[in-house]
Structure formats: C-alpha cells, structure tokens
2 protein chains.
Amino acid sequence: MPRLSELSENERAEFRAEQERAYAALQQAGLKLDLTRGKPAATQLDLSNELLELPGGKGIADDGTDTRNYGGQLGLTELRAIFAELLGVELDQVIAQDNSSLSLMHDLIAYAMLHGIGGGQRWAEQKIKFICPVPGYDRHFGICQHLGIEMVPVELGPHGPDVEAVRELAADPAVKGIWVVPMYANPSGAIYDEQTTRALLAMPAADDFRIFWDNAYAFHHLTAEEYAPLDVLGMAAEAGNPDRVYQFASTSKITFAGGGVSFLASSKANLDEYVGHAKFRSIGPDKVNHLRHVRFFGDAEGVRRLMREHRDQLAPKFDLVGQVLTERLGPHGVGEWEAPDGGYFVNLAVPDGTATRVVELAKQAGIALTPAGAAYPHGNDPRDRHIRIAPTFPPLPELEQAINGLATCVLLAAAES
Amino acid sequence: MPRLSELSENERAEFRAEQERAYAALQQAGLKLDLTRGKPAATQLDLSNELLELPGGKGIADDGTDTRNYGGQLGLTELRAIFAELLGVELDQVIAQDNSSLSLMHDLIAYAMLHGIGGGQRWAEQKIKFICPVPGYDRHFGICQHLGIEMVPVELGPHGPDVEAVRELAADPAVKGIWVVPMYANPSGAIYDEQTTRALLAMPAADDFRIFWDNAYAFHHLTAEEYAPLDVLGMAAEAGNPDRVYQFASTSKITFAGGGVSFLASSKANLDEYVGHAKFRSIGPDKVNHLRHVRFFGDAEGVRRLMREHRDQLAPKFDLVGQVLTERLGPHGVGEWEAPDGGYFVNLAVPDGTATRVVELAKQAGIALTPAGAAYPHGNDPRDRHIRIAPTFPPLPELEQAINGLATCVLLAAAES
C-alpha cells in the first residue's frame, strides 16, 4: 500500500472520503472512552486490596512507634528502609510522607519561594526559570505556571535532553531547576542514561539550582528488564554538588493512587531544610498508612513482586496499542511512536499541525484524550503533533476500540491537512 | 492556713525550707513524666482501633467512587456530609482533606503569600500582621513566626478577646488575620460567645482579612453539656462578610492523631479559591482514609457517641488536676486556674515572674512541661506566669504524680520569689 505522502491527488481524495466514512461509522458507535490520564485500572488496584484491612492490631510498629499518635516527621523507619533499598540510597537519605509526591515537589518550590534555599534569596523576590524537557509531564508545568515560573523547553531525546542546551541555560543564575522523569519519562518513555545524568550533576549552575528528579516510574517496568535506578545522589556527591538533587517516588501507581505514600530522597542538608519548613505545616505524616504499607509489602522484594503483577496486566495493553497503531497507521506511513520499556504512556507523534484536530475529532466520537500540547509548557506544542496515550485504565476491549477510533481520527486529520 | 502572701518573714522562711525539702524528695523519686503536648492517651486511641481494619471490601464508596484511584479534590461526599451536620454547615460549605488541619491553615497562608486572596496583592509583597489572642496555640504562632508575619497579642477573656482592642487593630490594612480557637480555647478553655463572634464578623477590616476559626475541639466536651458549634458561616453572611471565615476541624483528637482527616468549612468563594491552588499540589486527598472514617463513624451520631467515650476517659483526668491543684495550691493562695468544659488543656497561672522557674524546677525533677511562654508569640509571656498543663496523655497514677510534683515546684518558686 502506498504511503499517504505518495498518493496522487485523486487517490488522496479517495483516501479522505474513505476516512470520512470510517469516522462517520465511529461517531455512530456512540463510544464513551477515556484515554486522558495515567490512572491504574481497577484490576490493578485490586492487587492491593489487602491494604483495605491493614495494618490491624493496635497500629504499633516494630520499633515500638504508636503510629496512631502524633509525631515522627521523617515517616516510619521501616517504610523508609524498604524504599531506601529500592532506590539504592541510605536510610538517612530518604523520608516518607503523605499521599502524592506531587505535593512534595509543590511544597519544595513553595518553600523556596517563601524562604529561599540554603540561605539564598527568596525565589518570590526574583524572576525564576525552570528548564522543561519536552514532551514532559503537564502537572510539573502546572506548578511552574501557577507560581509564575518561566518555563524554558528543551527537546527530550531517548536518553535525556540535549546536555549542551541545558548547560547553556543553567549558566543563567535565574535558572533554578529542571524537571526530570528519569525512568520511562512521561510521556515519551525516555530513560536518562548515566552520561546525561553526570553532565546535569556536574554542570555549573546557581547554588540553589535543583534537579527535580521525579522517579515516579522507577519500578514500573513493562519488560522483564528491570533497570535499577541510577545512583543519582551518589553521583551528585561525586560531582561535588551533593545538594543538587531532590528525588521523588511514591506508591501512587504501586498500591493506591488515592491513598498511597510518597518519598523524598536527597542529601541530609536538603532533608533537614525540608523538614525545617514542613514541621510548621504538620506534626507528622500519616504513619498509620506507612505501617499499612509496611505490613502489606513486607520488604523490598514484596514491592518488586507486586510490580511484576502490574506488569502482567499492563504489558498486554501496551502491546495492543502498538499493534493497532502499526496495523492502522503503519501502512499509510502516518504517525510515529515507540513502545516504551516502562511507565504509563505512549507518545504518538502525528503529522505536524494535526494533533489539535485529532483530539477534537476523537472528542466528537466519544473518545477523551489529553488536550493536544498538554505535554508542553502552557499547552503549546510548537509543531502541534504530540498526543499522549494513557492505555492503563480501560479494559482491553475498550482500549482496542479507543485506539482504533483514535487511528481513524489520525488518518482523517492527516487526509484533511 | 494563712495564704503565702500573708506570711511573716519567719513563716515565709520556714515555708520555703519546707518546699525545698519537698522538692528534694521529688527529685529523689526519679520521675520521668511528660505533660508537654495535647496528645491522646493510648486508651483513647484504642477506641478507634476498628479503623485499623477498615474500610474493607474493594474501597468503593456508596456513591460509586473508587476511593483507591485518583481524583476527588473536595474529599469523599459521605464524609463531608457527616461533618457538615456536626459543624452545622451546608454540604457545599465543607471539604475533607488529609491528616492535620494545621496543614490547611499553613497552606491557606502560604497561598495568600504567593497569590494573594480574592485578587488582592500577594502577602509576600507586604508587611503582614495577625491578631493573636493570648494565651493561645503555639503552632498557630509558629506558622506566623516562620513566615515573617508580625503577631499582635490581645488578652483573651473567658468569652473571647477584648473586642474593642481587636476592632482598633483590624482597622490597620496590614492586619490580615486573627487566630481563634472558639470552643475550649487552647490553653485557657475560653468559649467564644455569639456577641463577640458577631463583633469580629462585622467589624471593618481589609477585604483579605480572614478569621482563622480553628474549631479543633468543637466536639471535645468534658461535661454533659454538649455545646453546639456557633453558626459562624451563617453569621458572617448576615454581617455582610461571607468570605471572612476559614473554619477548621479534624479528627486528630477524635480518631487517630497520626492518621486522621481534616476539614475546611468556608464560603463557596473561599473553597473555590483554596481548591484552585490545592489542585496544583495534589490530585486529591486520601479518599481511602475518608471512606475508612465513614465506615467507622456511620453517621454524625457515631462521632458524638465516640466523643462521649473520650469524655469518660478524660473527665477524671481533668478532675484530678483540679483536685490536686486545689489541695496543694489552694490553701496557700498560690496560682489560678479554671476547670475547662472541654478541650485538652488546663491553663495554670502562677505568681508573676515564676513560670520559667517552675518549668526549670520541674524539668530537673523529671517532669517535662511546655516551655513557659509557649502560649505567647515568640514565647514571650510578658508577666512570665502561664503554664500549659496537658493532662490527657499520661495514665491517672502518673498524672497524679506529675501534678503533685508540679505543685511542689510552683510552691517552691513562689517561696523563692
């Protein structure tokens, strides 16, 4: 079959008519499908239902802590120990907090705004810029936008952003941060390699420049290859910039998205500074939920085992996405995508200038997609080509319908353009 | 027995020698007791142990919400309904959030700093002052101190602060808030009456002036008289200042101090503004914990029933404190205190200039007390006379030892002065 770009004018008109018929049929099907957010499926959540009856007993941890009462700013030691092992950091380099690592990121930036970092000037009194590898995570960009931080996009490759471009930007003292999803980046699936990481850790930058190392998918492998997290804190120390990294993790996509626990791994100095602010906000995190997770996981291997059960559910969904896109778009040479090795998304690049149209067509056919451009600061994808597919939530038959419908929209938008 | 102030010089010397002997004996007893913080006792926490095995099932709420997954910024509707009834507000006037209402207070002030309130200028760009009725809650003052907010103390009477003094202060546009613990104020046990409340709601003040109405002990009655919370939101609307009040509550001293849920009750406009910021911080509170609490409470009456069980445990402790202080200090005419009708504290006023000495003496005898002055901004009690007694945590026999020991220290310090 000839590629769309190789069709004659007549053939192209015929192709378009064909896609219009297919789209009309799609609209008639009256679908109501949602591919917008990276939500775990109900069957994934079921894997952790035991948590709904834990911790049991009297809520006393092995170290004697009464988790029901006040106190314990750092979180429950047993839980910290499990995630210290998983992340490859020391116990005193990680603290456990409440549901949602996004809150930790937000608060660290808010504290920097209100108090500065490491004795530096308050960010609220300065023009602040963050480097944003794109495509990236819309909620990272949302924090920046809401707090008036200027976002400077840099193209993200398969192993990280262009290091030279980042280095040049970081030389500006107004540049105070970079967003990094190091494993299975949201949405491209990129995996930061050691070389890129070391460069980011060693490059000259402001004293209060921080890498927001959001390891949201550190254990969320889709293949049998279970990459170990990079020892980013160790490398930071080796580079002479031990305080440059805030590493985040959470169980939002391990146990319950709506009732998990979060982690901040960083240098002792950074953790002390964080706690020095957080202690005015709360007398301590929800330690009962910490104990609940400790009882459920047992140990680090318990987490790894659970993640393999997630993989068994998710890998077929990602395979299906690749298969449908290959079958439907491949023959026409339309669109680009890669099968990620982990994480929660497939990034589909459609022909330039058609992403917005695809999302609109899909919406009118009952298929909700993340707005085109969502993976870019201010929603502005300069080539209007990226669509984030979140295949985890729907069951397989619905997912197949949705991706097929999406393919129809992609082809119609391409034919129209 | 003559009062200490009526003793002759010789009698006074004898009295002092007697107290020194008593204190020496106290030191020899080698106590290790803690009256510092308003923590629930383990037996109180036991009342909610059922929570440790809830919510059970698959975590699905009656309205179909899968609490395990993302979403639901306002908190679980069923839980909001229970506390709407308890607080006497409409469902759309209350939202449920995570553990710790202190975090809500902190965040509202942080958001005001970073974004302003109701379109007003950002607080971070202004000199900000808060009115602080004293004695008051040290963690309220801690937030102000940490964020550089100037605190203006006003004496707190049994029904609220001096309204004229507050009115004069509030006329200053730099004054943006007042801390109020309306029922069983921490630490004095004061109960704000309707007249005072209406005056605070009606007085002229900046548009972005807010009453931080911390109803931490709204249901924490120590007597059979279960005062209903004032309809502060209704009164605010009647006064033409519907957005003046942020009301807070939590289950920290209802279920688990280390794993409860918190509530913000306010006008629709205020709640919308709060959520407009909070949604950048989190995809929603821990709804599993919300459902856990719904299943445990059942309904509003379930909360009231539980609070009566707390009362059965706490009333004897407060009675004991009053009894020991009356027996030991009464005859000498030393010290003033009142039996509170609820809450977590007894405020003991010792002779001027001796509070710091009492706390030091107690510490050296193994009895930990909150630092003298803790109930004042910057820890500065101008007459050095207030000591906050937190009788809830220790079992009765320990509490009796501790209060007896404290009485010995009070008498010795009085004799020395």
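This briefing walks through some packing, domain and backbone details of the structure above.

Keep in mind that this is a predicted model, where local features need pLDDT of at least 70, side-chain atom pairs count only at pLDDT 80 or more, and totals for chains, interfaces and linings use all residues. Residues are numbered from 1 along each chain as its sequence is written, chains are lettered from A and ligands numbered from 1 in the order in which they are written, and side-chain values use heavy atoms, with hydrogens and water left out.

**Domains of chain A**

- Chain A is assigned domain 1 (4-44 + 304-416) and domain 2 (59-300); bounds like these come from an automatic or database domain assignment.
- The C-alpha centres of the two domains of chain A sit 31 Å apart.
- Where the domains meet, 27 residues of domain 1 of chain A are in contact with 37 residues of domain 2 of chain A (contact means heavy atoms within 4.5 Å).

**Nonpolar cores**

- A nonpolar core is a set of buried Ala, Val, Leu, Ile, Met, Phe, Trp, Tyr and Cys residues joined through side-chain atoms within 4.5 Å.
- Buried means under 20% relative accessible area, exposed means over 50%, and partly exposed is in between, using a 1.4 Å probe and protein chains only.
- The largest nonpolar core has 107 residues, and the members touching the most others are A:Phe83, A:Ile211, A:Leu348, A:Ile387 and A:Ile389.
- Helix H13 (residues 396-416) of chain A gives this core its largest share, 12 residues. Helices (H or I, at least four residues) and strands (E, at least two) are DSSP runs, numbered from the N terminus.
- Both domain 1 and domain 2 of chain A put at least three residues each into this core.
- Another core, of 106 residues, lies apart from it, and its members include B:Val94, B:Tyr184, B:Leu320 and B:Leu412.
- For background, nonpolar side chains tend to be buried together in soluble globular proteins.
- Back in chain A, A:Phe83 touches A:Phe219, A:Thr251, A:Ile254, A:Phe263, A:Phe297 and A:Val303, leaving out residues up to four places away in sequence.

**A helix pair in chain B**

- Helix H3 (residues 77-87) and helix H11 (residues 300-329) of chain B pack at about 65 degrees, with their axes 8 Å apart. Axes are lines fitted to C-alpha atoms, for helices over the stretch in contact, and angles run from 0 to 180 degrees between N-to-C directions.
- On the H3(B) side, the contact is made by B:Ile82, B:Phe83, B:Glu85 and B:Leu86, while H11(B) brings B:Ala300, B:Val303 and B:Arg304.
- Sorted by class, that contact has 5 nonpolar, no polar and 2 charged residues. Here Ala, Val, Leu, Ile, Met, Phe, Trp, Tyr, Cys and Pro count as nonpolar, Asp, Glu, Lys and Arg as charged, and the others, Gly among them, as polar.

**Cysteines**

- The disulfide count over all chains is 0, where a disulfide is a pair of cysteine sulfur atoms within 2.5 Å.
- A:Cys132 is in no disulfide, and the nearest cysteine sulfur, from A:Cys144, is 5.1 Å away.
- A:Cys132 counts as buried because its relative accessibility is 0%.
- A:Cys409 is buried too, with 0% relative accessibility.

- A:Tyr23 belongs to helix H1 (residues 9-28) of chain A, and it counts as buried at 7% relative accessibility.
- The C-alpha atoms of A:Tyr23 and A:Thr408 are separated by 6.2 Å, although these residues are 385 residues apart along the chain.
- Beyond four places in sequence, A:Tyr23 touches A:Leu361, A:Gln364, A:Ala365, A:Thr408, A:Cys409 and A:Leu412.

**Loops and backbone details**

- A:Gln73 lies in the loop between helix H2 (42-46) and helix H3 (77-87) of chain A, and it is buried, at 19% relative accessible area.
- Its contacts outside four places in sequence include A:Gln97, A:Val275, A:Lys279 and A:Pro285.
- The peptide bond from A:Asn186 to A:Pro187 is cis, with omega near 5 degrees, and A:Pro187 sits in the loop between strand E6 (175-180) and helix H7 (194-202) of chain A.
- A:Tyr184 is found in the loop between E6 and H7 of chain A; its phi is near 60 degrees, a positive value in a residue other than glycine.
- A:Tyr184 is buried, with a relative accessible area of 1%.
- In chain B, the peptide bond from B:Leu54 to B:Pro55 is cis, with omega near 5 degrees.
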